[in-house]
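Here are a few friendly notes to read alongside the model. Have a look at the fold, and then we can go through the sheet and the helices together.

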Amino acid sequence: MTSAPDVPHAADLLRDALGDRLLTPTDAGFPDAVRLWNGVPGATPALVARVRDADEVALAVRVARRCHLPLSARAGGHDWAGRALRDGGLVVDLTALRGVDLDPDSGVVTVGGGATAADVLAALRPYDRVVPTGVVRAVGMAGLTMAGGYGPLCGRLGLALDNLLGAEVVLADGRRVSADAHHERELFWALRGGGGNFGLVTALRYRTHRIATVLAGMLLFPLAQATAVLRGYGAVVRDAPDELTVMAGFLPGPAGEPVVFLAPFHSGDDPAAGEAAVDRLRALGTPLVDQVAPLPYEEALRLFDGGMADGNHYLLRTRWLAGVDEPVLAALTAAAGAVTSPFSAIALHHFHGAAGRVGVTETAFGLRADHLLAEIIAVWAPGDDPAPHRAWAERTSAALAPHALPGGYPNLLAPEETDRVRLAYGPNWDRLRTAKRRYDPHLTFSAVPTLPPAGPPGPRDGAAGPDRREHPVDR
């Protein structure tokens, strides 16, 4: 029998420690604390704990467990499906944990669990160092990393998770542990691709890389040139060197009409090679816009700022593609021509090079063959009828499905796509479920994507380790 949530008791326990940093729906700061990037109305939590350090995170987890409250974490707020909030639950707001500390001798950077890509890159820029990120600077590094982390440096440096050296984690029983190559190794393996299903990450340690500038930017072409541009793009990515990673797809143009985009990032040390690569892309059509130039990596990412405005309503679908063959090309161009909103987009993320040379069982991430990640982004304004936009995304996904690889990027799969979650992890599925049972048998954490444990927990099941005693809640 499941015990009923005891919100008043949880509020009393947390208020003693947090004071006015504990928010309820009647508090003035509550709406901002539960606002997410996706403006579609979502769950309404009962409490928000604005924590300042790992000890307060651990306290919040213990209180949620003791008082039987659903638990979630909010950092960047960019999970499109709204899993940062749970009805009647306790939100652990990590946004104050944004510290970034670089050890210049080792090149290792320690990043708070609430830090965004913008926080990290701004701190590293004076040292001409970077870590691999996604393309949106406002996305939280922890959420990005734990599910994968596609980005413009994928070919040269791998996924974000391939650069993770360790993490500080609060487990479901409130214990704080370090996970790295020497401590809690199974947890460290699961964190790299398994999403936030095993604990709340309060700090991450990354390997940094010295890259002062990249040759990067945006090339926009008219929709009428889509077939030629994307066909040529498919040929470019098939033989691209590690230093060249290229996004492509369709974005809204100046008047809301779809345009084709190519976004090359060349991070090599040979300027001539970079210019030759970009010239090859320019020659695929007649660009309407050519913004490619040498830029610091952080500045290059600013080109994507504002592309997807906070507060609009979003539905995302995803497919893994082996490449841009003719059926895929036909499906993509048809989708662009039938787009129902001046805000919607399709993005192809390029996976190759260093990311593909990691063994598939070395981390939990389940696909290490070269591929493209198709991100189908239906967007509409608040108050609009969502039906046509949702239908457009579903039709586009269905059209790509016969030509797609099994599974899909876990960070973008919908909560109901449980069969595809299993396929996404391939040979790592059973090991991940076993790790889920070991570290979180009672499903305290339901993140991106939700993982079922390997079997029903026994009466003594709990987080791994020699100490399974219940932790007291300090008042």
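1. A word on terms: two strands pair if DSSP finds at least two bridges between them, and helices (H or I, at least four residues) and strands (E, at least two) are DSSP runs, numbered from the N terminus. This is a predicted model, where local features need pLDDT of at least 70, side-chain atom pairs count only at pLDDT 80 or more, and totals for chains, interfaces and linings use all residues. Residues are numbered from 1 along each chain as its sequence is written, and side-chain values use heavy atoms, leaving out hydrogens and water.

2. The order 5-6-10-8-9 describes an open sheet of 5 strands with antiparallel pairing. Strand 5 (100-103) and strand 9 (176-180) are its edges, each pairing on one side only.

3. Inside that sheet, strand 8 (residues 164-170) and strand 10 (residues 200-207) run antiparallel and are joined by 6 bridges. V169 has V201 in strand 10 as its bridge partner.

4. On to the helices: how do helix 8 and helix 11 cross? The axes (lines fitted to C-alpha atoms, for helices over the stretch in contact, with angles from 0 to 180 degrees between N-to-C directions) of helix 8 (residues 226-238) and helix 11 (residues 326-337) come within 10 Å and cross at roughly 135°.

5. In the contact (heavy atoms within 4.5 Å), A226, T227, L230 and R231 of helix 8 meet E326, L329, L332 and T333 of helix 11.

6. Finally, helix 4 (residues 117-124) lies across strand 5 and strand 6 (108-112), at about 40° to strand 5.
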